[in-house]
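Let's take a walk through a protein model together. Keep the viewer open and turn the model as you read.

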Amino acid sequence: MIIAKAKRKENIAEYLLYMWQVEDLIRACGLDIEAVKSNIVSRYKVDEATRLEILDWYEGLIKMMELEDKRKSGHLQINKNVIIRLADLHQQLLGSTKFPDYTAEFYRTLPYIVELRAKTPKEEQAGELETCFNALYGVMMLRLQGKPISKDTEAAIRQISRFVALLAAYFKKDEEKPLFGDDGDKH
């Protein structure tokens, strides 16, 4: 909760990847609040009131995962909503002539997105942005497990990271002062 709040405010991409990791940690604990308490919450060096707030946050996520049937896989609607907001901003940025840097970065990334989607079974294919986040998360998990990453994958991840970082920077700017009006035009 503490980390999530900070990441949400500073970098939406890091926030989303963190939240996906939290979902997986909760699954690793069997969606059992006592396991979450002993394996995750107990490690926080915080006062008791904050510890209870963190525990309550995890308990809320567990309930959402149960209600949304995300016990074994998938992402919570709150996390899907982040992708939806990012996709909306992505389309606005691409549709505007005011952000040529963003358009150029996207088109440098697009071949990697196409390649990743080609390797994914049809029924599991995601949109462009979710494909990028899936790649970033997958490599993050491989690194955590100490598994090797090929040079081609490293190159793809470097480009995807640059693109997602730029989108996250525009998201933060848009949150601070909207980049577009209701009609999609820049203010």
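We will begin with the whole chain and then visit a few places along it.

This is a predicted model, in which local features need pLDDT of at least 70, side-chain atom pairs count only at pLDDT 80 or more, and totals for chains, interfaces and linings use all residues. Residues are numbered from 1 along each chain as its sequence is written, and side-chain values use heavy atoms, with hydrogens and water left out.

The protein has eight helices and zero strands, giving the pattern α-α-α-α-α-α-α-α along the sequence. Helices here are DSSP runs of H or I with at least four residues, strands are runs of E with at least two, and both are numbered from the N terminus. Along the principal axes, the C-alpha atoms fill a box of roughly 50 × 40 × 30 Å.

How much of the protein is buried? Of its 187 residues, 38% count as buried; that term means under 20% relative accessible area, while exposed means over 50% and partly exposed lies in between (1.4 Å probe, protein chains only). The accessible surface comes to about 11000 Å², and carbon and sulfur atoms own 53% of it. These areas come from the Shrake-Rupley method with a 1.4 Å probe, and for residues only the protein chains shown count as cover.

Now consider contacts, meaning heavy atoms within 4.5 Å. Among contacts with a separation of 6 or more, 64% are between residues 24 or more positions apart.

L31 sits in the loop between α2 (12–28) and α3 (33–39). Most residues other than glycine have a negative phi. L31, however, has a positive phi of about 55 degrees although it is not a glycine. L31 is buried because its relative accessible area is 11%. Within helix α3 you will find A35, which counts as buried because its relative accessibility is 15%. Leaving aside neighbours within four places in sequence, A35 is in contact with C29 and I40. A35 and L55 are 20 residues apart in sequence, and their C-alpha atoms are 11 Å apart in space. N39 also belongs to helix α3, but N39 is partly exposed, since its relative accessible area is 39%.

Further along, D69 lies in the loop between α4 (48–67) and α5. D69 also has a positive phi of about 55 degrees without being a glycine. Is D69 buried or exposed? D69 counts as exposed because its relative accessibility is 55%. Next comes D88, in helix α5 (residues 77–95); D88 is partly exposed, at 47% relative accessibility.

Our last stop is helix α6 (residues 100–118), whose 19 residues reach 27 Å from the first C-alpha to the last, close to the 27 Å expected at 1.5 Å a residue. The expected span is 1.5 Å times one less than the number of residues. Where is the kink in α6? A kink of about 35 degrees lies at T109, shortly before the proline P111; the bend is the angle between axes fitted to the seven residues ending there and the seven starting there. T109 is one of the buried residues of α6, along with Y102, T103, E105, F106 and I113. The buried residues of α6 pack against α5, α7 (128–144) and α8 (151–176).
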